Amino acid sequence: MALPIDTDAPAAALARLDDEWRKTSVSPDEMYSDIPDGTYNAIIEEARLTETVSTGRPMVIWKLRIQGPQAVNRVVKKNRVVTENTLVYLKEELEKCGLQVSRLSELPARLKELVNHPIDFQKSTKDGKTNFYFRWDSNRASKGVLSDDIPF
């Protein structure tokens, strides 16, 4: 036997927000349009491991909140399906995010370390397909990880 639903309680809770609701405006062009191709600064808001619906393969999903220079506070998602062929890309993406794992099996427990980590990414559209590419940290050269300068 189903319990009766009290529809007055949720309605009353919503009614107290009516004034704010009237003041709130949403520009469909701004909120739901694609962000333009370019380079963005973002914060990793979420990083999680899941599975693809069609094949059941493991997949990493990054949720990125843009900090600028445009589209501030917009959220984009970057996905990486994990296969033998994509391991090199996944490893590079994780290193660009500042996460190094010695075994792939560590990943589920370690992905939460990426939350609130800053990351630059580039959005690129070619032939109607959109891709997001993480960029190396600008401090990478000063940390001695990458340097084309050879001191004499």
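**Secondary structure and sheet arrangement**

The chain contains 5 helices and 5 strands. The structure is a predicted model, and the description below refers to that model. Read from the N terminus, the elements follow the order α-α-α-β-β-β-α-α-β-β.

The strands form an open sheet of 5 members, arranged as β3-β2-β1-β4-β5 with antiparallel pairing. The edge positions are taken by β3 (75-81) and β5 (129-134); each has a single partner strand, so one side of each is left without a neighbour in the sheet. From one strand to the next, the twist averages 40°.

Within this order, β1 lies between β2 and β4. Strand β1 spans residues 38-51 and strand β4 spans residues 118-126. The two run antiparallel and are joined by 6 bridges. In this pairing, A42 is placed opposite I119 of β4.

The chain has 152 residues, of which 24% count as buried, that is, with under 20% relative accessible area. Among contacts in the chain with a separation of 6 or more, 48% are accounted for by residues 24 or more positions apart. The accessible surface of the chain amounts to about 11,500 Å². Carbon and sulfur atoms contribute 52% of this surface.

Key
Residues are numbered from 1 along each chain as its sequence is written. This is a predicted model: local features need pLDDT of at least 70, side-chain atom pairs count only at pLDDT 80 or more; totals for chains, interfaces and linings use all residues. Side-chain values use heavy atoms; hydrogens and water are left out. Two strands pair if DSSP finds at least two bridges between them. Helices (H or I, at least four residues) and strands (E, at least two) are DSSP runs, numbered from the N terminus. Axes are lines fitted to C-alpha atoms, for helices over the stretch in contact, and angles run from 0 to 180 degrees between N-to-C directions. Buried means under 20% relative accessible area, exposed over 50%, partly exposed in between (1.4 Å probe, protein chains only). Contact means heavy atoms within 4.5 Å. Accessible areas come from the Shrake-Rupley method with a 1.4 Å probe; for residues, only the protein chains shown count as cover.
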